[in-house]
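Please read it alongside the sequence and coordinates shown here.

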Amino acid sequence: MDTAAFRADLELIPTTLEQLADALDSGLSGLERLPMLAASRVLVLGMGSSRYAADVVARRYRSVGANVVVELASAELLPPAAPDLAVVAVSATGGSVEVLRAVERYRGTGRLVAVTNRPDSELGRAADIVVPLLAGVEASGVACRTFRATFAVLDAVLEELLGTAPPERFGAAAVRAAASANSRLLDTVDEWMPQLADLLATPTGTWALAPAERASSAQQSALMIREVPRRGAFASETGDWSHVDVYLTKTQDYRALVFAGSAWDAQALDWMAQRGSRFAAVGRDLPGAEQVIRFDGDEDDSIAALSELLVAELVADHWLRAFGEGAPA
C-alpha cells in the first residue's frame, strides 16, 4: 500500500467512470454467457469494500423479488453448490484469501462468476466466467475506483443472471452523471475542505451515517479514514444509529458526517441537537448542520452512492498530508 499515491488515484475517478460508462454501453465482457447458467438464486461473496457495494446492489434486486444474498467470504456456513445457484465472487485484486478459500467449494460447478479488476488473478483463473471491473491500476493499493466500479458491474451481472432488474440502476447514465459529480467535488475541494477537516477532527474519532439504501457510503467513508490516515472512524446506518451509536453522543466530543436522505435523519439529528453533537451534511440541507456539501444529482441514490464518499476520501487524504498516520491532536 502506498497511501502517498491515494490522491492521484482519486483524481482519476471521473475519467475512469466515463470509460466504464462507455464499456457498459458496449456490453461488458463475460455478460453474454451469464443467462446460460439459468440461475434462480445468486450468492455474492466478498470482503470489505466489495461487500459494502454488493449489499447496496443486492438490496435493490431483493426489492423486486429477486433471490440474491450477499455473504462474507470469511463465513464458514455457506450454501452448498446447486444447479439453480450462481455464485458471484467479488474481489478487486482477485487475491483476497477469504474469497479464494470460499470459492473452492464452488470451483468446477460451471456456475462460479468472478467480478474482479484483475481477470488474470487467482480468482479469475478459478472462475468459470470473469467480468472485469475496468477500474485501471490503483497505485495506492486503496480501493476507490474499484469500489465505484463494483456497483455498476455487479448490477449488470445480476440483471443477466436473473433476467430482471430494479427500476433504479447503476447504469451508464448514472455512471456518467457520477463522473461529473466527482469531478465537481474535486474541483471545489479547496472551498469546503478547511472547514470540514477541522469540524470532523477529534482524538476520539469520526462517525459517518447513511441510509440503508446507501449504507456503503458510511462504511466506505469510515474505512478510508481508518486505512489512509489511520484514524478512528465508525459507520452506522441512520435508523440503526439510534440503537447502536446514540449513546456515545453523551460522553464523546461527537463529530459526524451525515449522508442525508434517510427517513430517519430527523430522529438522529434530534439526539445530536440535544447533546451538542456537531455534524456536516452531504447531499441535503439538514437542520443544525455546521456545513452542507452539495453536488449535481445528489438526490439520486445511484449518483450519490458513486460520488458522496469522495468527501470522506478527500478528508482522509487531507489528514494524511496534514498529520501523517495517526490521530490529529
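A residue counts as buried when its relative accessible area is under 20%, and as exposed when that area is over 50%. The model is predicted. Glu 308, at a relative accessible area of 1%, is therefore buried, and this residue takes part in a salt bridge with Arg 214.

**Salt bridges**

- The count of salt bridges in the model is 22.
- In the pair formed by Glu 308 and Arg 214, the closest N and O atoms are 2.7 Å apart.
- Glu 308 sits in the loop between helix 11 (301-307) and helix 12 (310-323), and Arg 214 in the loop between strand 6 (206-210) and helix 8, so this pair ties together parts that are 94 residues apart in sequence.
- Arg 214 has a relative accessibility of 1% and so counts as buried.
- Arg 169 and Glu 159 form another salt bridge, with 3.1 Å between the closest N and O atoms.
- Because Arg 169 belongs to the loop between helix 6 and helix 7 (172-200) and Glu 159 to helix 6, the pair links parts 10 residues apart in sequence.
- Arg 169 is partly exposed at 24% relative accessibility, and Glu 159 is partly exposed at 30%.
- Asp 285 pairs with Arg 294 in a salt bridge whose closest N and O atoms are 3.5 Å apart.
- Asp 285 is exposed, with a relative accessible area of 57%, whereas Arg 294 is partly exposed at 35%.

**Largest pocket**

- The largest pocket holds about 430 Å³ of space.
- Its lining consists of 24 residues, and Ala 92, Thr 93, Glu 138, Gly 141 and Ala 143 are the ones nearest the pocket centre.
- By class, the lining has 12 polar, nine nonpolar and three charged residues.
- Helix 3 (48-62), helix 6 (145-162) and helix 8 (215-227) each contribute at least two lining residues.

**Ser 262**

- Ser 262 is located in the loop between strand 8 (255-259) and helix 10 (265-274).
- With 10% relative accessibility, Ser 262 counts as buried.
- A polar atom of the Ser 262 side chain lies 2.9 Å from the backbone nitrogen of Trp 264.
- Leaving aside residues up to four places away in sequence, Ser 262 touches Pro 211, Thr 238 and Gly 239.

**His 243**

- His 243 is part of helix 9 (residues 238-244).
- At 56% relative accessibility, His 243 counts as exposed.
- The C-alpha atoms of His 243 and Ala 215 are 16 Å apart, and the two residues are 28 residues apart in sequence.

Note on methods:
Residues are numbered from 1 along each chain as its sequence is written. This is a predicted model: local features need pLDDT of at least 70, side-chain atom pairs count only at pLDDT 80 or more; totals for chains, interfaces and linings use all residues. Side-chain values use heavy atoms; hydrogens and water are left out. Helices (H or I, at least four residues) and strands (E, at least two) are DSSP runs, numbered from the N terminus. Buried means under 20% relative accessible area, exposed over 50%, partly exposed in between (1.4 Å probe, protein chains only). A polar contact is a pair of N or O atoms within 3.5 Å; within protein, one must be able to donate a hydrogen and the other to accept it, and residues adjacent in sequence count only if both atoms are side-chain atoms. Contact means heavy atoms within 4.5 Å. On a 1 Å grid over the protein atoms alone, a cavity is a set of points where a 1.4 Å probe fits but cannot get out, and a pocket is an open set with protein on both sides within 12 Å along at least five of seven lines; lining residues have an atom within 4 Å of a point. Grid points are joined across faces, edges and corners, and a volume is the space filled by probe spheres set on the points. Ala, Val, Leu, Ile, Met, Phe, Trp, Tyr, Cys and Pro count as nonpolar, Asp, Glu, Lys and Arg as charged, and the others, Gly among them, as polar. A salt bridge is a side-chain nitrogen of Lys or Arg within 4 Å of a carboxyl oxygen of Asp or Glu.
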